[in-house]
Amino acid sequence: MRRDIVSRINKMLVMTFYGFQSLMQLKMYGDDSDKVSFKKYVVDMMNDCESLANVMDKKSGEPKTARRLRFLAHAFLDSMQRSQFSPEENNQVATIFEGMEANVKFRDAARNLFWELQDLGRSQELKVNAATAKEAKLRAYFEHITEWVTLLDIAVALVLAFFFVGKTVRQLNVLKENTRRLGSDIHLLERLGTRDEIGELDGVFHDMVNDLNTMRAKEKQMTALLEEGKERLELVIRNVPAALIVVDQDGRVESLNPSAEVLFEYTSAACTGRPLERFFLKNNRLEGDFVNKLLRESADRPLTLEAVSSQQEAIPVEVTATTFEGPDGTRVLATVMDVTERYKLEQLKRDFYSMVSHDIRTPLTTISGILQLSRLGKYGPVSPDLGGRLVTAEDNTHRLLDMVGRLLDLDKLDQGAVDVSREDVPVSFILDETAKSVLRQKEEKDINLEFTPTPLVVNADKHYLVQVLTNLVANAIKYSPRGGSVKVWAHRVSLPKGNFVEISVGDEGPGIPPEMKAVIFERFKQVDDRRDKKTGFGLGLTICKQIVDLHGGEIGVQSQPGQGSVFWFRVQSA
Ligand code: ADP
């Protein structure tokens, strides 16, 4: 601040001289630019004085000096105005004396201002010097103190560092030891429990190790489970009755399970690397790309092939193939089932049916014809007693022929060896044909048989449908009391899979117990063995069901024991 005041005073001193100089210039030359610069000088002088006075007043706390400065500066400029050196041209003083007097006043005012500024300058200079000396002393003092404080700081820092480093080193050693223990799978040291960063790090380390231990325990469990699963799987594979062959991507055998070794009479080692197709007799469907074709062909149902054993023996087998991902790529698993026993059974069945067909049906037909001719007296007179017996024999022969016929029908249906030729058939045709075939039975039992006329048309094989309805109506008559009534009607039903026609046969017979409703459609199933054995074989409904199934339809019964039955079946509407 003092230095600022001193520089302002210096500036004002310079300004005072500059004032004289610019005044002289104005007086000597008096052009316009001089006037302008002089006016500027006056304004600058007043501003400088004002700012110096302000500093003296507000900052330095010397209002008196400030007032005096303002007064002297005004007096200086004022007396300049009034002197012969006035810059204003029309401000000429009246007389020479007056002029001289005004000039003296101007000179005094200038001198007063100059001295004042000089004194003020000196006194401020002195203060500045005094302050500088004090400052230097203070600085030296503080420097001294700073030195001590620095020393103290260093000492404190050293002590703290000693403690801190010591503690830190101890904690770091704990961390190091824990890391070693983790590596050697030993229990960690106790948690540090401090709240600093190392303590936190130690906490995180402990948590991590806990997680790691939990994971390890789980991994152990999983590994044990996997091992167990693997062992079980191996056990299953070893003991599974099917022969399993693992084949690589090139269609070459990788391994066989024991069942396969037994079936093919090879050891697993002897087969490794052989193409899979070498284990089977040539099959046209699979030629070319055996494994891929096998995969495709056996996707829906097992493929029947003939395997070849090491002894060149042909074995009937069923083969399915699936792919699976092994540890080193895709593999194919071929499951080979030995169906020799089933083949034998089927062969037996075939032999039985051909025996039934040729060795039973043909002689039975002959017997039936001879009986009929005998009854009609073609071989001599027939007594009434013999006639009666011949009728019974004829009936029994017909029953046997009927059974044989049904057995052969069922076999054909089982083998799918039947041709279903579907066409649009009016239901009325089915009803009429049925009525004709059951006429004799109906009359024998005096049954009131009612067919409700219908305009509905079905899409089905008419001969098979007549066979189904005839069977149902014949059963209804058979199980109805003498003189009872049997009704047949048809109506349309809408099912999610399409429009169907339902044909129903209602009777007044003994009905079907609830537990037998589903069973009676199975072969040889009868509700009452003692009652039904005399009149049937339990094959009729089985044949009906097979035929209706072939048509994509349904068959069923509604019945309450003692309240008659309603047998129904549905086939597609035309
Ligand atoms: P079956 O030759 O014995 O009649 P089905 O297969 O036609 O053979 O019938 C199986 C069994 O269903 C019959 O034995 C009988 O017990 C029962 N059954 C069939 N239809 C009727 C019916 N309308 N009323 C009562 N029982 C019936």
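## Salt bridges

In this predicted model, a search of the whole structure gives 33 salt bridges. One of them joins Arg-8 to Asp-4, with 3.1 Å between the closest N and O atoms. Both residues belong to helix 1 (residues 2-28), and because they are four residues apart there, about one helical turn separates Arg-8 from Asp-4.

## Ligand site

The largest pocket holds the ligand. Around the ligand are 20 residues, of which Asn-475, Asp-507, Gln-526, Asp-532 and Leu-541 come nearest. By class, this shell consists of nine nonpolar, six polar and five charged residues.

Several secondary structure elements contribute to the shell. Helix 13 (462-479), helix 14 (529-532), helix 15 (540-550) and strand 12 (565-572) each provide at least two of its residues. Helix 13 has the largest share, with four residues.

For Asn-475, an N or O atom of the side chain is 2.8 Å from an oxygen atom of the ligand. For Tyr-479, a polar side-chain atom lies 3.3 Å from a ligand oxygen atom. Gly-540 takes part through its backbone, where an N or O atom is 3.2 Å from an oxygen atom of the ligand.

On its own, the ligand has 520 Å² of accessible area, and the protein covers 99% of this.

Key:
Residues are numbered from 1 along each chain as its sequence is written. This is a predicted model: local features need pLDDT of at least 70, side-chain atom pairs count only at pLDDT 80 or more; totals for chains, interfaces and linings use all residues. Side-chain values use heavy atoms; hydrogens and water are left out. A residue is near a molecule or strand if one of its heavy atoms lies within 4 Å of it. A polar contact is a pair of N or O atoms within 3.5 Å; within protein, one must be able to donate a hydrogen and the other to accept it, and residues adjacent in sequence count only if both atoms are side-chain atoms. Accessible areas come from the Shrake-Rupley method with a 1.4 Å probe; for residues, only the protein chains shown count as cover. On a 1 Å grid over the protein atoms alone, a cavity is a set of points where a 1.4 Å probe fits but cannot get out, and a pocket is an open set with protein on both sides within 12 Å along at least five of seven lines; lining residues have an atom within 4 Å of a point. A molecule sits in a cavity or pocket if more than half of its atoms lie within 2 Å of its grid points. Ala, Val, Leu, Ile, Met, Phe, Trp, Tyr, Cys and Pro count as nonpolar, Asp, Glu, Lys and Arg as charged, and the others, Gly among them, as polar. A salt bridge is a side-chain nitrogen of Lys or Arg within 4 Å of a carboxyl oxygen of Asp or Glu.
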